[in-house]
Amino acid sequence: MSSDNTRTTKHGAEIESTQEARLGEGVDSRFNSTLREAFGSTPFILTKFDQFMNWVRGSSMFMLQFGIACCSIEMIHTYAIKHDLDRFGAGVPRASPRQADVIIVPGTIVSKFAPRMKRVYDQMPEPKFVVSMGSCTISGGPFQEGYNVVKGAEEVIPVDIHVPGCPPRPEALIYGVAKLQERIANGESAPVTVKPYELEQFGDLEQDELVDKLADQIDEEDLVMRYNWSDSP
Amino acid sequence: MSLEEPDDPLATRDVGVTEEGVDYDALADLLGDTVIDRESHVNAEGFVVRPDEVQDALFALRDEAGFDHCACVTAQDYDDRYESIYHLRKYDDPTQEVSVVVPSPKSDPVSQTAEPVYRTADWHEREAYDLVGIDYEGHPDMRRILLPETWQGHPLSQDFSGEEPQVVTLREHANPLADDKRSEDDPDTMFINIGPHHPATHGVLHVETVLDGEQIAHVEPDIGYLHRCEEQMCQQGTYRHQIMPYPDRWDYVSAGILNEWAYARAAEDLADIEVPEYAQVIRTMSAEMSRIAAHMLALGTFALDVFGDFTAVFQYAFRDREVVQDLLEDLTGQRLMFNYLRLGGVAWDLPEPREEFFEKTRDFLDDMPEKLKEYHNLVTSNEIFQMRCVDTGILPPEEAKQYGATGPVARGSGIDYDLRRDDPYGYYSELDWDVVTEDGCDNYARVLCRMQEVEQSARIIEQCVDLLEDWPEDERDIQANVPRTLRPDPDTEIYRAVEAAKGELGIYIRSDGTDKPARFKIRSPCFSNLQTLPVMSEGEFVPDMIASLGSLDIVLGEVDR
Ligand code: SF4
């Protein structure tokens with residue numbers, strides 16, 4: 001719609017509508033994006049639904065707000081100002097495992113915590129991904145020899161990406177998450193790992209001396225996890 | 001429980017106090033027959049006390065000689081006996097120390113509990129039972145504290161074998177809603193779990209809470225979800241090199257240098273190492289930088305806990321932490337786990353070009369007042385914040401002392417106790433700064449205390465930078481001469497503490513003539529501070545409990561070790 005009476009400012013310059021001012025002369029450069037060039041003139045993209053879903057999934061990930069030990073401080077720094085993981089579409093942390101699709105495991109896992117972590121992981125909806133952060137989640141790190149320390153997150157839950165370091169710098173964690181996104185976008189699934197520590201009902205454990213000894217302390221239905229420092233790799 | 005002060009507090013509490021420190025003979029007279037032997041530790045004399053008269057001895061020391069601070073309880077296992085050591089000192093003058101050593105026989109390791117004398121002994125003795133296996137007679141609640149309840153054996157005793165299999169339960173969390181009613185005579189109470197995976201617990205703390213209506217009827221912190229065997233790790237490492245990396249991981253919110261200093265101080269005094277003055281100044285400066293970073297995190301997460309401020313205060317606090325971390329990275333080479341102190345000095349000199357480092361530090365300090373003003377605007381003068389924090393989480397000073405609270409938690413309750421001034425080390429005594437105390441005893445006072453401490457730390461750093469700038473080039477000794485392998489004399493014992501970000505961080509070391517400590521015990525300030533949580537929150541609402549937890553500023557790495 002055109003109007004005859006163009007308004008002017010006090011200084012005599014013509015006022016354009018905001019839209020006009022923004023577009024400027026000729027075709028907006030936004031319409032000449034590389035995307036446009038790639039697609040040619042058709043505005044349609046043909047792709048497989050699966051691939052599309054993977055791309056979507058990788059581009060918008062909800063992290064679980066989950067802190068364990070020292071690494072979680074660097075993880076917070078990764079979320080916070082300066083490193084700002086959100087720039088990469090890896091979201092702001094969610095407090096509930098039911099809303100999250102990625103869990104970053106930042107720290108040493110000890111025997112008392114392992115069953116709880118397994119529980120939290122189990123509560124996340126599928127598909128779910130795990131980034132393990134720091135040497136502690138690879139092998140137990142500096143505490144590997146501790147009587148109470150689980151030697152790596154992979155003893156308890158499957159892991160997609162390991163980020164080494166003690167602690168890894170925020171940049172390293174961002175790289176790890178970016179790699180995970182890349183993998184998800186490419187539809188690569190997590191490797192199936194051996195999981196020596198599983199939650200079981202106490203009654204289902206194999207009977208041995210220890211189980212007999214604990215029989216009057218633990219109910220048959222209680223969930224338990226076996227822990228054995230010397231037998232794990 | 002006996003929390004009452006003696007009737008006339010001024011009258012009878014100075015037995016053994018002299019101009020030159022503690023007169024141990026006077027104390028020996030005071031204790032009389034309960035003492036069976038005397039020992040000499042590097043930091044203080046020790047009295048060996050009969051295991052069935054522990055309370056008599058401790059009551060006498062507390063009420064008549066004024067030892068009102070039970071800093072730590074160390075338990076250990078010798079070839080022929082078990083032993084618990086109560087490290088006592090005074091809030092008014094922490095250089096006055098005494099150790100009470102309680103042996104108990106190998107076959108039947110039982111001694112009398114100290115819990116009626118010092119409430120803080122509750123957890124300390126539970127830990128001793130858990131890790132070493134000493135039983136305390138009369139203890140109100142003797143069970144494991146750090147390890148899972150179904151754990152077999154006591155890992156720091158001599159006959160523990162790590163080869164045994166263990167079974168860990170997931171009981172409490174199986175279904176918290178199934179069993180609402182905990183107590184039979186009061187069926188209205190409801191049990192809820194807070195943690196161990198919960199955004200407001202600052203890590204993996206589990207708070208077992210019983211509610212009566214909306215009020216908290218009973219609260220009990222359940223710890224041990226991050227018990228990483230720090231003491232075992234340190235007992236396996238050599239003094240000179242292998243222990244130093246671990247302190248960084250106790251209190252891991254960038255307070256690494258403060259923790260390293262705790263170990264350095266204890267080991268240097270044990271092995272008689274003199275640290276060059278220049279290194280002391282660098283230590284002081286970097287330690288205070290760590291303190292600023294630690295307090296910033298406390299502030300940011302507290303704002304997040306109390307009024308959900310993820311966007312402003314939290315991010316600002318992290319922005320400022322980044323600046324400090326950059327400085328520390330220039331100095332030490334790492335952002336978080338500095339590993340910078342060495343026995344007898346520091347690892348290396350300031351980074352070249354020095355001017356650039358000084359300039360950066362000065363810039364940071366210059367911005368400080370402006371930033372603090374902003375924080376005060378956003379936080380302490382914020383109405384919501386005040387509503388949440390003023391007069392909630394009250395911790396009266398007598399209770400704080402009973403629980404051995406130190407650091408900003410104690411200072412927020414008006415206890416004027418700061419080891420940097422009262423038990424001087426490093427370069428602090430040469431510098432001009434103040435100890436901050438607040439009388440509010442509430443959550444607000446504790447936060448205020450931290451914010452003012454940041455100011456004081458900035459003052460200290462400034463003076464250190466001035467000193468370092470003018471330090472003559474040929475006197476820049478960063479390291480004393482320390483033998484390649486340290487082997488302190490056998491059976492030397494020491495307890496030494498520094499003022500870490502959360503309070504008194506003490507180390508007890510016993511040497512056995514080898515290059516590794518025979519017993520390495522960490523007195524963690526958070527462990528004692530966390531014990532005050534029930535005092536603060538029983539009778540209040542759950543959100544107030546979360547606020548109290550935030551204002552305690554605990555780090556689980558240090559609570560559980
Ligand atoms: S990898 Fe290092 S920094 Fe990370 S949790 Fe383990 S000890 Fe702490």
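Me: What makes the space taken by the ligand stand out among the cavities?

Reply: The ligand takes up the largest cavity. A cavity is a set of points on a 1 Å grid over the protein atoms alone, where a 1.4 Å probe fits but cannot get out. This is a predicted model, where local features need pLDDT of at least 70, side-chain atom pairs count only at pLDDT 80 or more, and totals for chains, interfaces and linings use all residues. Residues are numbered from 1 along each chain as its sequence is written, chains are lettered from A and ligands numbered from 1 in the order written, and side-chain values use heavy atoms, without hydrogens and water.

Me: Why is the site around the ligand called shared between chains?

Reply: Residues from chains A and B surround the ligand, so the site is shared. Being near takes a heavy atom within 4 Å. Among the 16 residues around the ligand, A:Cys70, A:Cys71, A:Ser135, A:Cys136 and A:Cys166 come nearest.

Me: Why is B:Asp553 called buried?

Reply: Its relative accessible area is 3%. Buried means under 20%, exposed over 50%, partly exposed in between (1.4 Å probe, protein chains only). So B:Asp553 is buried.

Me: And why does B:Asn339 count as partly exposed?

Reply: B:Asn339 has 25% relative accessibility, so it counts as partly exposed. Its phi is near 50°, a positive value in a residue other than glycine.

Me: How do you know which peptide bond joins B:Glu352 and B:Pro353, cis or trans?

Reply: Omega is about -10°, and the bond is cis. The bond from A:Cys166 to A:Pro167 is also cis, with omega near -10°. Most peptide bonds are trans.

Note on methods
1 Å grid on protein atoms, 1.4 Å probe; cavity = no way out; pocket = protein on both sides within 12 Å on 5 of 7 lines; lining within 4 Å. Sits in = over half its atoms within 2 Å of the grid points.
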